[in-house]
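Subject: Structure handover

Hello,

Here is the structure for you to open alongside this email. My notes on it follow below.

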Amino acid sequence: MRTDVRPRADGLPEDFVWGCSTAAYQIEGSTGADGRGTSIWDVFSRRPGAVLGGMNGDLACDSYRRWKEDVALLRELGVGAYRFSIAWPRIQSGGSGSPNAAGLDYYRRLADGLLEAGIEPAATLYHWDLPQPLEDAGGWPERDTAYRFADYAGLVLRALGDRITTWFSLNEPWCSSHLGYALGIHAPGRKDRGAAYRAVHHLLLAHGLAVRACRSAAPGARIGIVLNTATPRPATRRPEDRTAASRAADERTALWLDPLYGRGYPERHLAAYPEVSMPIEDGDLATIAEPMDFLGVNYYSEEAVEAAPVGPEHPEGFRVAQSWREKTEMGWDIAPEGLGRQLEHIASTWPVKALYVTENGGAFPDLAGPDGRVRDRDRIEYLRSHIASMAGAASRGVPVRGYFTWSLLDNFEWSHGYSKRFGLVAVDLVTGERRPKDSFWFYRDLVAGFGS
Ligand code: FCB
């Protein structure tokens, strides 16, 4: 027992991993550099009305050029790991064929810089930036996209698996399928529910193939998927609202976890929506259920859901209901207890080996004082309460092994452009200058074991 420092205030084990998350399109910029091809977000963000103010990721946080500053910030923060994503179009500009050496070199340099700083690199293979030529060929609703992803995963793992050992296949595939292909809010901006469900299957198939590629290319590596599971509560006790809430929960949770853990797709979900079907071929369900090393869970909120007339805005027949709770700038309810509840629900329903909270954080107004300091008490309170909720779940036996806050930097928040800020560090959009907010120092204390 060490006596020179106070014991961890949060009750989490000493070897618990603390980290920060980011994603390539949201921070890198340099979208035309070193042979990078075009992604669906480059194209979608130029569609009039798709992104607030017509903003895009051309410059973003300029991290492609300023990554050393980001590593220095992470070192100052004292985190043990950094979750970033690899931009597929930097590795294969058209989504297939031999790799682009300059793209791989960028991530090799980043991984080495992190390792030298004592920070574990944890890479996501797909955080939504599909090479546009693959979308032109049909995108995720097409089976071939899953095979293209498996090739890409294999070549990245062969090139970088010697220095990166923690891998995430896909980030929040629900957003890719449902926001991208059913609701049209994310790239590629299509509104076709049939296509969205074909995308669900091909995303999961892509994940399973990537797990296999990982096992053969980098036997020492560990891999899992990142989901934004959710269990919304019914807005009222009315039967139609209860049905709505359980359908919403299935769409976000069982639709993904059941096949990932070998149970196939939840029949009740598919029965509720006879207009969609899964293009399953022989062997697919076994591929999808290829054992993973861990599951990543992104958690921001827990909402109330109510029944709604089926129509273009809510094709599933439900919508988020009015609630009394305080909200973040995203309009999302602040519900810290929901994080622990979500982790316990997952651990008690599916045989997960280990869990990571791979994203959690809040967008807040972040007004700087006259001294330039951002006193973001609201973000500190958000983080503190969510981490306490997670620690509670851990103390009740949930195998949660790490926590990554979203995000290190204020960045390109998809259809909201730069208007929603999640960073521990503010970024001047013109100069690129980085400035830690108060939450940065809060998180540094917490990581060091002196938090809460
Ligand atoms: C998640 C995304 C991440 C970020 C946060 C706020 O859904 O994975 O890229 O935009 O939301």
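This is a predicted model: local features need pLDDT of at least 70, side-chain atom pairs count only at pLDDT 80 or more; totals for chains, interfaces and linings use all residues.

β4 has a parallel neighbour in strand β3 (residues 120–126), joined to it by four bridges. Within that pairing, A122 stands opposite T166 of β4. Strand β5, which covers residues 222–227, also pairs with β4, again over four bridges and in the parallel sense. There, W167 is placed opposite I223 of β5.

Strand β7, made of residues 294–298, runs parallel to β10 and is connected to it by four bridges. L295 has L355 of β10 as its bridge partner. Strand β11 (residues 400–406) is parallel to β10 as well, with three bridges between them. L355 has its bridge partner in β11 at V400.

Now the ligand. Which residues are around it? They are Q26, H127, W128, N171, E172, N298, Y300, E359, W406, E413, W414 and F422. Sorted by class, this shell consists of five nonpolar, four polar and three charged residues.

- N171: 2.9 Å from its side-chain N or O atom to an oxygen atom of the ligand.
- E172: 2.6 Å for the corresponding pair of atoms.
- E413: 2.7 Å, again from an N or O atom of the side chain to a ligand oxygen.

How much of the ligand does the protein bury? On its own the ligand exposes 290 Å², and 95% of that is buried by the protein.

The remaining notes concern single residues.

S30 is in the loop that lies between α1 (24–27) and α2 (40–44). Is S30 buried or exposed? Its relative accessible area is 15%, and the cut-off for buried is under 20%, so S30 counts as buried. Setting aside neighbours within four places in sequence, S30 is in contact with R36, D58, D62, Y64, R65 and R90.

S389 belongs to helix α14, which spans residues 377–395. With a relative accessibility of 12%, S389 is also classed as buried, because the value is under 20%. Apart from neighbours within four places in sequence, its contacts are P336, E337, L339 and G340.

L270 sits in helix α11 (residues 267–272). Once neighbours within four places in sequence are left aside, L270 is in contact with Y265 and M278. I334 is 64 residues away from L270 along the chain, and the C-alpha atoms of the two are separated by 31 Å.

Regards

Note on methods: Residues are numbered from 1 along each chain as its sequence is written. Side-chain values use heavy atoms; hydrogens and water are left out. A residue is near a molecule or strand if one of its heavy atoms lies within 4 Å of it. A polar contact is a pair of N or O atoms within 3.5 Å; within protein, one must be able to donate a hydrogen and the other to accept it, and residues adjacent in sequence count only if both atoms are side-chain atoms. Accessible areas come from the Shrake-Rupley method with a 1.4 Å probe; for residues, only the protein chains shown count as cover. Ala, Val, Leu, Ile, Met, Phe, Trp, Tyr, Cys and Pro count as nonpolar, Asp, Glu, Lys and Arg as charged, and the others, Gly among them, as polar. Helices (H or I, at least four residues) and strands (E, at least two) are DSSP runs, numbered from the N terminus. Buried means under 20% relative accessible area, exposed over 50%, partly exposed in between (1.4 Å probe, protein chains only). Contact means heavy atoms within 4.5 Å. Two strands pair if DSSP finds at least two bridges between them.
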